[in-house]
Amino acid sequence: MAEEEINDPALGREGEEPEVTITRVSGMYEDYFLDYASYVILERAVPALNDGLKPVQRRIFHAMRDMEDGRYHKVANIIGQTMKFHPHGDASIGDALVQLGQKDLMIDTQGNWGNILTGDGAAAPRYIEARLTKFALEVAFSPKVTEWQASYDGRGKEPVHLPVKFPLLLAQGVEGIAVGLSTKIMPHNFNELIDASIKYLRGRSFQLFPDFPTGGIADFSNYNKGVRGGRIRVRARINIEDKKTLTITELPFGKDTGSLIDSIIKANDKGKIKVKKIEDNTSDKVEILVHLAPGVSPDKMKDALYAFTDCEISIAPLACTIEDDKPHFLDVHEILKLSADRTVHLLQRELEIQLGELQEQWHFASLERIFIEEKIYRDIEEAETWEQVISFIREGLQPHIGHLLREVTDEDIVKLTEIRIKRISKFDKAKADDHILDLEGKIEEVKHHLANLVDFAVAYFKRIKSKYGAGRERKTEIKRFEDIDATKVAIANVKLYANRQEGFIGTGLRKDEFITDCSDIDDIIVFMRDGKMMVTKVDQKTYLGKNIIHVAVWKKGDKRTIYNMIYRDGAKGASYMKRFNVTSITRDKEYDLTAGSKGSEVLYFTANPNGEAETVTVFLRALQKLRKLKFEVDFSDLAIKGRGAKGNIATKYPVKKIELKEEGISTLAARKIWFDETVNRLNADGRGNLLGQFKGDDRILEITQSGHYRLLSFDLSTHFDEDMIHLEKFRPEQPVSAIYFDGEKQLYYVKRFLPELSDKKEIFISESEGSFLEVVSTESIPRVEVVYRKRGGVQKDPDEIVLSEFIAVKGMKAQGNQLTKEAVKQVNMLEPLEPEPVEEEAEEAGNDSHNGESDAPQATLLFDDL
């Protein structure tokens, strides 16, 4: 703040105005704002690195520790007690206390504290109660090692930091917005933090990933240890109940059932998805039923919920903490290491204090024994003054104190004089010796811990985990996500129209020609008579160029849609024919599919979604010396090239017309499909294991641990069950061999069957309670090893069974044959036998030899040894 005094000689004289001091405000704002920003950062929003707490949280814990008597306290009373230390009102304290209670770690709650799943708030502070958990009392408080400071009004004292011997900041997580600064640290799993701390203390590497209280599924591939620039993708857990219903059972972090349902309704209202009805049955567990509209695929709807609603969200972590009154940006690994180091330091200080106390106890116990055994108390009978009493006792002790740890002080002698006569008269030397020996043993134990601090700290963490780690298993599943193309899962929520002659397309041209149903985020490809092509977004009305010949929805990377075209180069040039696909473009850019000559015109054009190649008849104009006025063009003879290819010459003569002679068949090979185990999804990009080549009505066989099978399409959006154990291209003639345990009959059965063509999920084992699938195989000659339990001390040798010889192929509903009457310990799958080669009979003379090609080998993907 700058001050400037202006002195005017005309001022200050008798009868005149006094001197005026002008204070300039330039610079004041910067100082005040910086002071305010610093205060908010340090005292309100950002946690301290030492104990992982914001000031209000630390004061709440301190107040609750002062009130601690083992019983619950009204939250209103806790808020009032905390206000002695926190100068910002009851509302901020109450909100912070409820948030801490909902984390279910440091505060034991009673009453209605709200629900993080439904978003319901807590009851009023006068109705709910709380106390510190046993875990909090053990890890967060140690007055002897705590540094204290005066409270804001000077009437009390509060801790500068709590001596927390646990990575509390990472366990609870924190979010805070200050002035020009924010922090967002994710919560982590209790047991994983302890395991990581132990690994660090042992000098081993470790990994940490967040664990959210709402569960869900998370992709941490871009987590980047929680520093700025990282990103977490979190999804709700969605299960397909049947063809008409999806169930949401876990939520993304930061969302509740209300906000999630609102996002689904909003997407439905916008036409992104089609939902018939939503039911919220959430209580202590999440259960949201999403009823689908007729004709909607549950697989595509599952992806659509991730693409258009809050069923998938992205979180940007930012680990910022306060250390030495300054903000520091650290990754979660560094935070955990510093926490583990601080825990070791606090344990060391506690041990040192404990050692000092034990040594003091040993010192006085030794003095007391000398004082009584040597009857030094009798020497003070002749003392006339207090000084003489001290002097006589000191002289009496002198010959016996050579083994003590320190010098005898006047305070020690005063304490000896305070020993009662009754205690002296009942002194037991043996008990005194035992007490001193016990203290010496404890001293040695503490010294051992101090000499082996890391081992002591590891044992401390293990004890904490064994006492408080039960029931704190990971809730969030770690999984790598595939990217969902929104255009592939969006429903057709608008209608596309076109005015071909005038060159307009759009969803608002309802009086013109209807083209197709599409979504409002689709790309539209348009071809014009002059050979121009353009791709544009769906809109109400868009002008692209006159004389449109083809309009359709365009999918990026589509290699299967092939365009067949014959065009004239220029006004009087030759005619060319070409086949091409359009896999990538720049939106709203005009592309010329002809050779580029002025006056070029498309004479024939078709779009073929499966690469069909038709045959056409080309009629030429009658010219002198031109005898052949028509010829055929088979597009299957042309290679598929890029859109920029000029094409092959069809004719140099003027074309009169072109007519379709014969519909074509697909010239594309069967589609290769891979299964990527990382994301549990199909793909055509070569990621994962090749399932085979698919076309037409081909299906995929899925077998689950629950004893079900499904025949699925090879659509890339297909979802698979969580307990899938076997996946392959379905071979209708190949039987499935299975061994299962019947829970009702308590016996193992073997069955072989051909899966029936069905769109439903079929069960092929007993439905009685306790039944389970042991092994399954689709090999031609599967083998198993049956290991038996000991009976009467006798161990029967394992049996090897060829299942194809053990039982014939029967119906799917058949029970099968009993495997054995013996008690089975386990069944192991062995390498299958190779089928015997079929001998070819000699062909009759004059006949050609058989050159038929065998089918390509089928890929089988086994996930487990059941």
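**Loops, helices, cores and strands in a predicted model**

Asp 325 sits in the loop that links β17 (320-323) to β18 (326-329). The model is a predicted one. The phi angle of Asp 325 is near 60 degrees, a positive value in a residue other than glycine. Asp 325 is exposed, with a relative accessible area of 60%. That value is over the 50% at which a residue counts as exposed.

Lys 225 also has a phi near 60 degrees, again positive in a residue other than glycine. Its place is the loop between β10 (217-219) and β11 (232-235). Lys 225 has 40% relative accessibility and counts as partly exposed.

Helix α8 covers residues 257-269, 13 residues in all. From first C-alpha to last, α8 reaches 18 Å. This is close to the 18 Å expected at 1.5 Å a residue. Six positions of α8 are buried: Thr 257, Leu 260, Ile 261, Ser 263, Ile 264 and Ala 267. Viewed down the axis of α8, these buried residues fall within an arc of 155 degrees, so they line one face of the helix. The face turned away from the buried side carries exposed Lys 266 and exposed Asp 269.

At its start, a side-chain oxygen of Asp 256 comes to within 3.0 Å of the backbone nitrogen of Gly 258. Just after α8, Gly 271 adopts a positive phi of about 85 degrees.

The largest nonpolar core holds 95 residues. Phe 61, Leu 97, Met 106, Phe 135, Phe 166 and Leu 397 touch the most other members. Helix α10 (residues 332-373) gives the most to this core, with 16 residues. A second, separate core has 27 residues. Its members include Leu 260, Ile 273, Val 286 and Tyr 306. Leu 260 is also one of the buried residues of α8. In soluble globular proteins, nonpolar side chains tend to be buried together.

With neighbours within four places in sequence left aside, Leu 397 is in contact with Leu 367, Ile 370 and Phe 371, among others. The list also includes Ile 376, Val 408 and Leu 416.

Ser 366 is placed in helix α10. Ser 366 is buried, at a relative accessible area of 1%. Its side chain reaches the backbone oxygen of Trp 362 at 2.8 Å. Beyond neighbours within four places in sequence, Ser 366 is in contact with His 403, Leu 404 and Ile 436.

Lys 729 belongs to strand β41 (residues 724-729). Lys 729 counts as buried, at 12% relative accessibility. The cut-off for burial is under 20%. The side chain of Lys 729 reaches the backbone oxygen of Gln 693 at 2.4 Å.

β3 and strand β5 (residues 129-132) run antiparallel and are joined by two bridges. Here His 73 has Ala 130 of β5 as its bridge partner.

Strand β31 (residues 612-620) has nine residues, eight of them buried, so it is largely enclosed by the rest of the structure. β31 pairs with strand β35 (residues 655-666) in the antiparallel sense over eight bridges. Within this pairing, Val 618 has Ile 658 of β35 as its bridge partner. β31 is also joined to strand β32 (residues 630-634), by five bridges and again antiparallel. Thr 615 stands opposite Asp 634 of β32. In a regular strand the side chains alternate between the two faces of the sheet.

Conventions. Residues numbered from 1 in each chain as written. Predicted model: local features only at pLDDT ≥ 70, side-chain atom pairs only at ≥ 80, totals over all residues. Heavy atoms only, no water. Helix = DSSP H or I, 4+ residues; strand = E, 2+ residues; numbered from the N terminus. Expected span 1.5 Å × (residues − 1). Buried < 20%, exposed > 50% of the residue type's maximum accessible area, 1.4 Å probe, protein only. Arc of directions from axis to C-beta. Polar contact = N/O pair within 3.5 Å; in protein donor to acceptor, adjacent residues only side chain to side chain. Core = buried A, V, L, I, M, F, W, Y, C linked by side-chain atoms within 4.5 Å. Contact = heavy atoms within 4.5 Å. Pairing = 2+ DSSP bridges.
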